[in-house]
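Here's a quick tour of a protein model, written for someone new to reading structures. Have a look at the sequence and the 3D view, then work through the points below.

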Amino acid sequence: MKLSYGRMLQDQLEGSEGLPRARLDSLAERFPAIQAEVRDRRGKGEYGFYRLIDQPDTVREISTFADGLGQAHDHVLVLGIGGSALGAKALLNALRPPAWNELDDEGREFFPRLTVLENVDPTSIGAALRRIDPRRVLVNVISKSGGTAETMAQYLVVRAWLEDALGAAAYRHLVFTTDPARGALRELARTDGIATLDVPPEVGGRFSVLSPVGLLPAALVGIDISELLAGAGRAVARAEADGLRQNAAALWAALMYAADTELGAPIHVLMPYTDRLREFAEWYRQLWAESLGKRENRAGKTVLAGPTPLAAVGATDQHSQVQLFMEGPRDKAITFITVEQLSEDLPIPAREHLPAELAYLAGHTLGGLLRAEYEATSTALAQMGRMNCTLRLPDLSAGTLGELIMFFQLATGYAGVWYGVDPFDQPGVELGKRLTYGAMGRPGFDPQPRPSGDATDEA
Ligand code: PA5
């Protein structure tokens with residue numbers, strides 16, 4: 001994987017936009033201190049996700065589980081939200097053939113279908129439960145805390161649905177992925193004899209895709225989880241470099257930090273040129289937003305920090321958001337992802353009597369068109385003085401995806417230090433949670449949240 005970042009720099013953009021090279025030099029000079037702080041915090045156990053590259057016992061446990069119980073079911077239903085759902089969706093989307101759930105058994109190489117319920121919208125959950133056969137399903141309830149309201153509500157609905165169909169055997173269709181000791185889910189597992197996998201306590205929710213949170217669903221649908229971790233290991237090895245320009249994840253984080261705090265570009269777009277990374281861009285959005293959007297810095301000072309991540313997909317969004325990227329406010333830095341060797345390409349056939357304005361397409365391939373569209377968009381943005389950079393993947397395999405996942409996790413860890421915030425907490429979601437608990441009648445919480453402006457001023 002390579003990061004091309006020239007178009008983030010002033011001397012490669014039209015006008016006076018972009019980062020002056022001298023400023024990149026001064027970021028590089030500051031980097032050893034950033035790296036030292038990350039090392040120090042790793043030593044204290046804060047950056048637990050680094051350790052996920054080395055978990056042979058967990059890989060064995062998951063593989064055994066997937067080969068045994070997993071294969072006895074033809075549908076895996078994941079219940080989770082946020083960091084407990086987005087990773088599994090990204091892995092499925094990137095590494096299994098498109099429209100996986102619509103393929104027959106042979107098309108899926110006899111691996112199960114996979115559905116992720118990540119909301120409490122009754123219209124989607126009701127539809128999923130009507131579609132899935134409870135006798136053939138394995139339900140993986142994923143919650144690190146083991147008490148998240150949305151996931152627990154999903155669980156209660158799904159558990160009743162299983163029991164209606166299977167009676168006392170329902171528990172055999174459940175596996176929980178949760179904290180090894182704490183939380184309601186762990187307690188339920190103990191009392192009901194439900195199989196469990198542990199979420200390492202030192203790994204935060206949105207950094208947990210390479211823990212059993214993402215690895216179990218991935219293994220169940222036949223993704224090579226050892227390769228995934230090997231790829232992540234390559235990213236960690238590169239991130240040991242103390243020179244900023246040699247450390248791609250740290251460099252990207254520094255460029256985005258500078259774009260936000262010095263260059264007036266707080267909006268950070270991730271735009272892969274493949275449908276297979278559409279869900280990955282959604283995963284990135286949560287990682288970047290929830291980790292860096294913070295009211296206070298580590299010293300307790302109000303900073304209201306945080307870039308705004310945006311997900312896009314090329315070439316589709318060239319006909320949606322790119323007009324804004326090109327001519328709207330100069331408040332964005334765009335990161336493209338390209339895949340050199342797509343798993344499939346299709347020739348664009350020539351036909352007789354094609355209108356002249358279509359003839360140029362014939363003889364090319366769809367993959368070639370996609371590549372040309374990326375090149376053109378990146379160049380056009382640079383000509384308009386718009387900062388952009390590109391992560392170039394040789395292919396989309398478990399190894400390269402593992403590397404890509406870890407790249408963004410490492411970058412987020414570095415960005416936390418640049419911004420001076422704790423990238424692993426999320427205090428801002430607590431108030432909304434408490435108000436929800438109150439509204440739902442949970443003991444100890446105010447049952448009457450004060451009416452908001454939304455409720456009192458209506459048109
Ligand atoms: O990144 C995070 O910590 C959050 O997005 C969590 O993943 C999300 O709130 C779900 O939490 P839990 O896994 O405890 O149910």
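What you see is a predicted model, where local features need pLDDT of at least 70, side-chain atom pairs count only at pLDDT 80 or more, and totals for chains, interfaces and linings use all residues. Residues are numbered from 1 along each chain as its sequence is written, and side-chain values use heavy atoms, with hydrogens and water left out.

**A buried glutamine**

- Gln-35 sits in helix α1, which covers residues 21-43; helices (H or I, at least four residues) and strands (E, at least two) are DSSP runs, numbered from the N terminus.
- Gln-35 has a relative accessible area of 2%, so it counts as buried.
- Its side chain makes a polar contact of 2.7 Å with the side chain of Tyr-414.
- A polar contact is a pair of N or O atoms within 3.5 Å; within protein, one must be able to donate a hydrogen and the other to accept it, and residues adjacent in sequence count only if both atoms are side-chain atoms.
- If you skip neighbours within four places in sequence, Gln-35 is in contact (heavy atoms within 4.5 Å) with residues including Ala-239, Asp-242, Asn-247 and Tyr-414.

**The parallel sheet**

- In general, strands of a sheet pair through backbone hydrogen bonds, either parallel or antiparallel.
- Here, five strands make an open sheet in the order β3-β2-β4-β5-β6, with parallel pairing; two strands pair if DSSP finds at least two bridges between them.
- At the edges you'll find β3 (113-117) and β6 (195-198), each pairing on one side only.
- From one strand to the next, the twist averages 20°; for such angles, axes are lines fitted to C-alpha atoms (for helices, over the stretch in contact), and values run from 0 to 180 degrees between N-to-C directions.
- Strand β5 (residues 174-178) is joined to β6 by four bridges, and the two run parallel.
- Across from Thr-177 you'll find Leu-197 in β6.
- Helix α7 (residues 212-220) packs on this sheet and touches β2, β3, β4, β5 and β6, with its direction at about 165° to that of β4.

**The mixed sheet**

- Another open sheet of five strands runs in the order β1-β12-β11-β7-β10, and its pairing is mixed.
- Its edge strands, β1 (2-4) and β10 (308-311), have a single partner strand each, so one side of each has no neighbour in the sheet.
- Neighbouring strands in this sheet are turned by 20° against each other on average, direction ignored.
- β1 pairs with strand β12 (residues 388-395) over three bridges in the antiparallel sense, and Leu-3 stands opposite Leu-391 in β12.
- Helix α9 (residues 248-261) packs on the sheet, touching β1, β7, β11 and β12; its direction makes about 150° with that of β11.
- Helix α14 (residues 398-419) also packs on the sheet, where it touches β7, β11 and β12.

- Why is β7 largely enclosed by the rest of the structure? Six of its six residues are buried.
- Both faces are covered: Ile-267, Val-269 and Met-271 are buried on one side, and His-268, Leu-270 and Pro-272 on the other.
- β7 runs parallel to β10, joined by four bridges, and it pairs with β11 over six bridges, also in the parallel sense.

**The ligand**

- Which residues are closest to the ligand? They are Ser-84, Ser-143, Ser-145, Thr-148 and Gln-286, out of 13 that surround it (near means a heavy atom within 4 Å).
- A side-chain N or O atom of Ser-145 lies 2.7 Å from an oxygen atom of the ligand, while for the side chain of Glu-290 the distance is 2.9 Å.
- On its own the ligand exposes 380 Å², and the protein buries 86% of that; these areas come from the Shrake-Rupley method with a 1.4 Å probe, and for residues only the protein chains shown count as cover.

**A threonine in α14**

- Thr-400 lies in helix α14 and is buried, with a relative accessible area of 7%.
- Its side chain reaches the backbone oxygen of Asp-395 at 2.8 Å.

Notes: Buried means under 20% relative accessible area, exposed over 50%, partly exposed in between (1.4 Å probe, protein chains only).
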